[in-house]
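Open the model in a viewer and keep the sequence panel beside it. The stops below each begin with a selection and then say what is there.

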Amino acid sequence: MTSPVRLALLGCGTVGQEVVRLLHEQSTDLAARIGAPLEIAGIAVRRLGRDRGDLPVDDDLFTTDALGLIKRDDVDVVVEVVGGIEPARSWLVEALRAGKSVVTANKALLAEDGAALHDAAAEGGADLYYEASVAGAIPLLRPLRESLHGDRITRVTGIVNGTTNFILSAMDATGAGFAEALDEATELGYAEADPTADVEGFDAAAKAAILASLAFHTRVAAADVHREGITEVTAADVASARAMGCTIKLLCIAARGVDPAGRETVSVRVHPAMIPRSHPLASVGDAFNAVFVEADAAGQLMFYGRGAGGAPTASAVLGDVVAVSRNRLAGVRAASESAYADLAVRPMGEALTRYHVSLDVADRPGVLASVAGVFARHDVSIATVRQGSAGGSPGRDGDAELVIVTHVAPDAALAATVVELRGLDIVRSVTSVLRVEGGA
């Protein structure tokens, strides 16, 4: 067996500690798989002396000088589980330019400025692996960047945030409102004290950018992703979805398309949507993640599992460490970034989708015709209409509820329809607007 592969670990929080434990517990097997033992050269942390339990490492391995650790000649691989944009970006660019392989779980950095990391990797001839940045332990990114490179991926639809999936699943199962379900998620440890990144869709948008970049050989940044969270989803929305045989999920959707000029494009979006209960993603509950991939030759593929947590994320990190270490010993590097397609990212207004619109309207003759006329003026075709009581008194001055589901149309036309509906005298309020995906 050859000399050890030496690791610099940046960060020793929940994920970092699990990485250390797995390195210790599986050291013999990891060495056999790689052909050399793995050793920790140092661990960079923000504060020394913090209680980290019974980690099987010596105290003298800890340092607050991350950059100094990265620059050491005896460091072969840099593992980053700190998160955030800076100083992580500067650290990883330094490592890659120096020819040191990098394994990172930093979805925010990859989504905001993955280009800088890929360029630095090319400059230094180093490997950049980031399986843990999306969907935790689920083997997903490597199949997209390697296994499916002989195919043409057309669409990726996923549930990639466990917190929001737990909340929406709880609302569906119990009839609870958003606030109640969020409280439960917080009590069980599924939601952070500040859940904004999750419930407003920022976390899912970063992951959507990474998935789209790999699937469509195009650099996609978080700023290119249309993002909506789940804070406006109500118990009434969930009940309405159930009445349609649907459930509501926060989806990331990346799809190939063609613009009006005939050029191939990609659209990337994150938002809550109704999907039929027969769809494979509909049964994904609790805090689990799942990603549904559609390709020309392979057809439909689904990847499912725990998408977060210290141990699942550390599993993905260690898988990447094994891969880059084997490459290093063999004197090779993995295939570089594939961004040859360079497809334009279409604006959300051009994305094709369907709307579910609930209206509180005046209960009098001609209302349905007036509402239908608004849809017609925007070239939006109505698929179904359901009418019921909105709780007002019967008769001329009462209220009624209209629930309308459209056929597929450009999102801009659908949004403009809703805007005009809000201005009609006969419409008391637009009580709900949700997109419908998956053929419901």
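Helices (H or I, at least four residues) and strands (E, at least two) are DSSP runs, numbered from the N terminus. This is a predicted model, in which local features need pLDDT of at least 70 and side-chain atom pairs count only at pLDDT 80 or more, while totals for chains, interfaces and linings use all residues. Residues are numbered from 1 along each chain as its sequence is written, and side-chain values use heavy atoms, with hydrogens and water left out.

**Backbone stops**

Select proline 87, in the loop between strand S4 (77-80) and helix H4 (88-97). The peptide bond joining glutamate 86 to proline 87 is cis, with omega about 10 degrees.

Go on to alanine 135, in the loop between strand S6 (128-129) and helix H6 (141-147). Its phi is near 65 degrees, a positive value in a residue other than glycine. Alanine 135 counts as buried at 1% relative accessibility; the classes are buried under 20% relative accessible area, exposed over 50% and partly exposed in between (1.4 Å probe, protein chains only).

Aspartate 286 also has a positive phi, near 55 degrees. It sits in the loop between strand S10 (264-276) and S11, and is partly exposed, with a relative accessible area of 28%.

**Domains**

Colour the chain by domain: domain 1 (5-136 + 310-330), domain 2 (141-307) and domain 3 (349-436). These bounds come from an automatic or database domain assignment. Between the C-alpha centres of domain 1 and domain 3 the distance is 52 Å.

**Nonpolar cores**

A nonpolar core is a set of buried Ala, Val, Leu, Ile, Met, Phe, Trp, Tyr and Cys residues joined through side-chain atoms within 4.5 Å. Select Leu10, Val78, Leu140, Ile153, Ile167 and Leu211, the residues with the most contacts inside the largest core, which has 80 residues. Helix H10 (residues 202-216) supplies the largest share of this core, 11 residues. A second, separate core has 35 residues, among them Leu30, Ile34, Ile43 and Val45.

Now centre on isoleucine 167. Beyond its neighbours within four places in sequence, its contacts (heavy atoms within 4.5 Å) are Phe178, Ala181, Leu182, Ala185, Val199 and Ile230.

**Aromatic pairs**

How many aromatic pairs does a search of the whole structure find? There are two. Rings of Phe, Tyr and Trp (its six-membered ring) pair if their centres lie within 6.5 Å; planes under 30 degrees apart count as stacked, over 60 as edge-to-face and the rest as tilted.

Select phenylalanine 166 and tyrosine 190, a tilted pair at 4.6 Å centre to centre with 35 degrees between the planes. Phenylalanine 166 is in helix H7 (residues 162-174) and tyrosine 190 in the loop between H8 and H9, 24 residues apart. Phenylalanine 166 is buried at 6%, whereas tyrosine 190 is partly exposed at 30%.

Then select phenylalanine 288 and tyrosine 304, which are stacked: 5.2 Å centre to centre, 5 degrees between the planes. The former lies in strand S11 (residues 288-295), the latter in strand S12 (residues 299-306).

**Last selection**

Finish at aspartate 411 in helix H14 (residues 411-422). Is aspartate 411 buried or exposed? It is buried, with a relative accessible area of 5%. Its side chain makes a polar contact of 2.8 Å with that of arginine 435; the term covers a pair of N or O atoms within 3.5 Å, and within protein one must be able to donate a hydrogen and the other to accept it, and residues adjacent in sequence count only if both atoms are side-chain atoms.
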